[in-house]
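Here are my notes on one part of this structure. Please read them with the model open.

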Amino acid sequence: MRKLLLGSWFLSVLFCLPVLAQDVSVSGRVTSSDDGSPLPGVSVQVKGTTRGATTDAQGTYKINAPGNARLIFSFIGYKAQEVAIGNQSQLNIKLENDASDLNEVVVVGYGAAVSKKEATGATANVKGEVIENLPLQSFDRALQGRAAGVQITSSNGTPGGAVQVRIRGVGSISAGNEPLYIVDGVQLNNRNDGGNVSNNPLAFLNPNDIESIDILKDAATAAIYGAQAANGVVLVTTKRGKAGAKARVNVNLYRGTVEPIRQLDVLNTQQWIQVRQEALITTTPTLTPAASRTTVLQSLNLGLDLSDEAIAALPSYNWQGEAYRPGSISNADLSVQGGNDRTTYYVSGAYNKQDAILRNVDFQRFSGKLNLTTKLNNKVTLDAGLTGSNIVQRGPFGGAEGSLAFGAPQYSAPLILPINPIYNPDGSYFGMPASGIVMPGDLSQNVIANSNLIVSKTNVNQLVGNLGLTYAISKDLVFKAFGGLDYRSVNSSFFNDPRLSDVFNVRGSLNQFVNNNTNLTTNGTLNYNHVFGGKHTIGVLLGGEYRQETNETTSLSAQGFPTPELNTANAAAEPVSVGGFWSGFKRAGVFTNVRYEYEKRYILSGILRYDGSSRFGSNNRWGYFPSISAKWNIAEESFLKSSRVVSDLGLRFSIGSTGNDQVNNFAARRLYGLGGVYQGNAGIVVSQLGNPDLRWERNVTYNLGLDYGIFGGRVKGSIDAFERISRDLLLTRSIPQTNGFNSIFENIGEIRNRGLEFDITTINVNKGAFRWETNFNITFLDNKVTKLFDGADVLPGNLTVRVGYPLFTNVGVPYAGVNPANGRPMWYDPSGNLTYLVRTADQRPLGHSGISKQFGGFTNTFTFKGFELSGLLQYDLGRTIQNSQEFRLADNAGALRNSLTYYFDNRWTTPGQITSVPRPANNRTELSGRISSYQSGPRFFQDASYLRLKQVTLSYAVPPAVISRVKLSSVKVYAQAINAFTWTKWTGFDPEFAIEVDASRDNQGIIPQSRSYTFGIQIGL
């Protein structure tokens, strides 16, 4: 409390400082040093503040700034310039062409920005133009392969679906691993509250509205956000209006198609009948071929006396082809931006629609955006922003992120026996309950009927707004007050048609819920910047922040509907349940950032944040999060400053601490549950033990980085080595049941992530009208669990978490292949001996894990006159994952399900045959009663590494001389492909899917990625 009072007193003193000097008005013109032509759209920013302006079509600008401030002029493709204002009221600037773009401005937190050469921490920046017009519903997907240290994995192929983002590894076991997302200063709630549909909270924002994305990767940059920044911070800046120019109108349209990347090769009817007979004979050797044939035909509801010719003529139906099919994608957006010396604006509206490759799964979004900046006077500036969106998603039965539901087409389509027709001759669905016909096989539901008749829909209305007031107290001191709102309302319903198998007896069912989430953020900052003697620069940022979030849900379920057309709750004959809950948290903090710079050569920065959160125990509700970082710009030294080879060389070091509070809002509290009964009376019982000592997970990060540029910036990049230690992990520890409970939530355990990041950009050719540019980034990652609790080497209940091993360590009994003499599968026991017996106690680490060892991207861009061709190769290497879906498809008719042709073609059939596929066996059980396959064994662990041609784009900008005749400022036409080709050893639908430490996800029933082709036109008026 004393520290808070002292901080408040200090802020009050700063507020009361006298106004030492007035702002001065500075204007001028920015031109190119190459030919003297004006440069429109140049960013003019007061260093260390959020104040800025933009040059108009004639290259002119006007800005108010303190007299001793410094202005940063930056423009893509040109060297940034930093100029002291002094006594000048007019500054005309000539920017030099800079292929390296080493001095680009990067956002470092709470609106402050510095040039890249002055950044002391590890950051990554992705310009909005790089992800513009990509047929993706959320910007996080667009970052894949474009930033070193940032691993993006799509959870599934649902349009607008969830995406897993990991910055520098996985640092938590039970708390969250997602970064903090901030859009125009608003801290977002990024939980998936989509109900039946995989929903991405970031899909509210049209990616074409984004100006730039900055990613804070180390504690030197992220510590300013303290207790919520352990997993990194993603700062999104949206487009603003351009001052001093006429309104600029931009229209963008594209359309295209989506298609499945692949289908699985499964058995036809004849192959299944053949291998099913073999499986029956394996388990019952006394069974004659004729008897086994009769048994198989009987199980398929076929005539028992079918001849070989009749069996050969039996049809095979393609359930995958009917479930997975091509779809369409379309997008239209319109934006207007402009302004004058006092007010600038950006307004946009957009419509986006995309089908999934699975029948009746799609995404539709209407969105609108407004950004407004106005100077009330020479000292006060008002910034306001508002983004609204309406998203309607139709989702699949069973969900998009993995399902074992037999009625889910994404799970069952490859498994349904091929003898089953999809439709009756009259076009109605085959195998419906009312018909009295039961489809042969373990999967007896018509999943195509389920896809078409089930109504699974989620409607999301989201509003994200911000309001900021900037007041220049003096020439050196600027105050900013900010408020932000992130409001999301989710209305999700799932109507199971009464004609379908699951609910035929109860005449249909309805599950519905409404979720409302309100997230408020407010902060105030004081920013002091002063230059002493022209060599020394000091900057001090002081601030306080408060955030609160409330989450409310109401749900209901009902059954008994008279007709499928009447599917609202009031039509139900029987209400089944009504439920609801409320949850919320509050967080407050104060922070400071002190920065010193000497002649741009030596830079030192320190951050301290003091945060409190309602999520933690009363004894540890507040915590400190410090960091310190330094940079030596070696290229500014006299011995290199005039070098013709070295254009940039800087050495960075940082150490700092951040927190992770992504836990249940009431994890530290003693909780009581309703529904208890004592002697017939309603009661309340204790449902969770409290822990007043519960605190944040703490990440301590060390970073050593080198920024470089040579040959005039034709080769540039950075190298970073980091170590991220996650301590005080939030885990459940077992306790004696004499307490009435068997576990309690505590801070125990430690994980280490260590790695190297390389990023390099080269201008390979820049001659005449032809230019070839390459960017390559790669991250090497080593993850290891270093400590659990009570000396435990393995986390109870989760064998994949083990001290001395990476997270997601694969555990099982090593598979030894097939005995060539009899076709039986064999394993290695702990002594290394061959055995037919698989025991759970024999499971051990297999030497690989689901953590990727390397990942990154490789981009090439070729330009010639108005043409541009670019391609992105994205890769993920070194992770091994169990192909759980293939376990079901490897039965070789051991069950009444279909199988892959690979296992049919490679099965053991003859003594002496060398193969890894056992002989078929009914119920996967040998005559001895021992299993013939083992799901947890390494037989189904596969290398999930892949190399993917993620994006190919060809565009043509029509020459200005041509379009000026029709009064247009720009026209560009383009064509692009997403997920064009994939190279992998993975045998499932797709190797890209997210997994969790708690093993809550695998690839069973996941909607896979799709391939898309789009054609578009962009018109500037």
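1. Tyr602, Trp632, Phe639, Leu651, Phe653, Tyr702 and Leu704 make a nonpolar surface patch of about 670 Å². Patch residues have over 30% relative accessible area and no salt bridge, and nonpolar side chains (Val, Leu, Ile, Met, Phe, Trp, Tyr) are joined within 5 Å. A salt bridge is a side-chain nitrogen of Lys or Arg within 4 Å of a carboxyl oxygen of Asp or Glu. Areas come from the Shrake-Rupley method with a 1.4 Å probe, and for residues only the protein chains shown count as cover.

2. This is a predicted model: local features need pLDDT of at least 70, side-chain atom pairs count only at pLDDT 80 or more, and totals for chains, interfaces and linings use all residues. Residues are numbered from 1 along each chain as its sequence is written, and side-chain values use heavy atoms, without hydrogens and water.

3. Strands E29 (646-660) and E32 each supply at least two residues of the patch. Strands are DSSP runs of at least two residues, numbered from the N terminus. Phe653 lies in E29. Phe653 is partly exposed, at 41% relative accessible area; the class lies between buried (under 20%) and exposed (over 50%).

4. E32 (residues 697-710) runs antiparallel to E33, joined by 13 bridges. Pairing requires at least two DSSP bridges. Leu704, one of the patch residues, stands opposite Ala721 in E33. The hairpin of E32 and E33 has 4 residues between the strands, and there Phe711 takes a positive phi near 55°.

5. E33 (residues 715-727) is mostly covered, with 10 of its 13 residues buried. E33 also pairs antiparallel with E36 (residues 750-767), through 13 bridges. Val715 stands opposite Thr762 in E36.

Conventions: Buried means under 20% relative accessible area, exposed over 50%, partly exposed in between (1.4 Å probe, protein chains only). Patches are made of residues with over 30% relative accessible area and no salt bridge: like charges are joined within 9 Å, nonpolar side chains (Val, Leu, Ile, Met, Phe, Trp, Tyr) within 5 Å.
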